[in-house]
Amino acid sequence: MNLIVRKMTLDDLEQVVAIDQASFSLPWPPRSFRFEVTENPASRNWVAEANSQIVGLLVGWLIVDELHIATLAVHPNFRRQGVGEKLLVQALQSAGVEGAVKSFLEVRASNQPARALYQKFGYVEDGVRKGYYKDNQEDAILMTLERINV
Ligand SMILES: CC(C)(COP(=O)(O)OP(=O)(O)OC[C@H]1O[C@@H](n2cnc3c(N)ncnc32)[C@H](O)[C@@H]1OP(=O)(O)O)[C@@H](O)C(=O)NCCC(=O)NCCS
């Protein structure tokens, strides 16, 4: 796969929204992605592209010295091929250049693939928000990467 990771643009949003909807039981409204790309100064948005097709996305929020991973998704047909890892490397490296030292996120307790991905990067599970997800009252696991080093 000829994979590149680059900044998300407005032209990507249709494919980004489709991947998000295929990936989550509570997808973001399309206007949220538009807001991230056009208005949110904290937003650091990336897409993975293979042969002109968007195959993954990551939205991060850079707040002082912390990168919050707001969402990350890979097209179902392109999973387990290193796309998620490549997006995370890009987001963390780039935030590190901008001064981020820590990263954190929330993940559904049942989401073993994502928990494994984040653990591989050194994120540690350090908290729980009980019943955080409104569709099934599932807990959110809080994960922190204390020192960005990718
Ligand atoms: C989680 C997700 C982004 C991973 O993307 P991906 O491109 O498939 O992941 P990669 O191929 O880069 O895998 C990197 C590592 O993640 C872990 N991983 C990914 N998928 C996994 C799975 N199905 N089972 C167990 N571990 C998995 C592994 O540690 C893997 O490393 P390895 O291949 O050396 O074992 C993808 O499964 C996805 O989009 N899921 C739906 C949306 C979602 O849950 N997003 C995260 C919200 S917090």
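In which strand is Ile63 found? Ile63 belongs to strand 3, residues 53-63.

## Basis of the report

The model is predicted, with local features requiring pLDDT of at least 70 and side-chain atom pairs counted only at pLDDT 80 or more, whereas totals for chains, interfaces and linings use all residues. Residues are numbered from 1 along each chain as its sequence is written, and side-chain values use heavy atoms, with hydrogens and water left out.

Helices (H or I, at least four residues) and strands (E, at least two) are DSSP runs, numbered from the N terminus.

## The ligand shell

The ligand has 21 residues around it, of which Leu72, Arg80, Gly84, Asn111 and Lys120 come nearest. A residue counts as near when one of its heavy atoms lies within 4 Å of the molecule. By class, the shell holds eleven nonpolar, five polar and five charged residues. Here Ala, Val, Leu, Ile, Met, Phe, Trp, Tyr, Cys and Pro count as nonpolar, Asp, Glu, Lys and Arg as charged, and the others, Gly among them, as polar.

At least two shell residues come from each of strand 4 (66-74), helix 3 (83-97), strand 5 (102-108) and helix 4 (112-120). Helix 4 gives the most, with six residues.

## Polar contacts and burial of the ligand

A polar backbone atom of Val74 is 2.8 Å from a ligand oxygen. For Arg79 a polar side-chain atom is involved, at 3.3 Å from an oxygen atom of the ligand. Val83 has a backbone N or O atom 3.5 Å from an oxygen atom of the ligand. The ligand taken alone exposes 920 Å², and the protein buries 77% of that. Accessible areas come from the Shrake-Rupley method with a 1.4 Å probe; for residues, only the protein chains shown count as cover.

The ligand sits in the largest pocket. On a 1 Å grid over the protein atoms alone, a pocket is an open set of points where a 1.4 Å probe fits, with protein on both sides within 12 Å along at least five of seven lines. A molecule sits in a pocket if more than half of its atoms lie within 2 Å of its grid points.

## Positive phi residues

Most residues other than glycine have a negative phi. Ser52 has a positive phi, near 70°, and is placed in the loop between strand 2 (43-50) and strand 3. Val64 also has a positive phi, near 55°, and is found in the loop between strand 3 and strand 4.

Is Ser52 buried or exposed? Ser52 is exposed because its relative accessible area is 65%, where buried means under 20%, exposed over 50% and partly exposed in between (1.4 Å probe, protein chains only). Val64 is exposed because its value is 73%.

## Other residues

Ile63 is partly exposed, at 47% relative accessible area. Its C-alpha atom is 14 Å from that of Val97, 34 residues apart along the chain.

Glu49, in strand 2, counts as buried because its relative accessibility is 18%. The Glu49 side chain makes a polar contact with the side chain of Arg6 at 3.1 Å. Gln15, in helix 1 (residues 13-23), is partly exposed at 33%. Gln15 and Ala50 are 35 residues apart in sequence, with their C-alpha atoms 13 Å apart.

Technical notes:
Polar contact = N/O pair within 3.5 Å; in protein donor to acceptor, adjacent residues only side chain to side chain. 1 Å grid on protein atoms, 1.4 Å probe; cavity = no way out; pocket = protein on both sides within 12 Å on 5 of 7 lines; lining within 4 Å.
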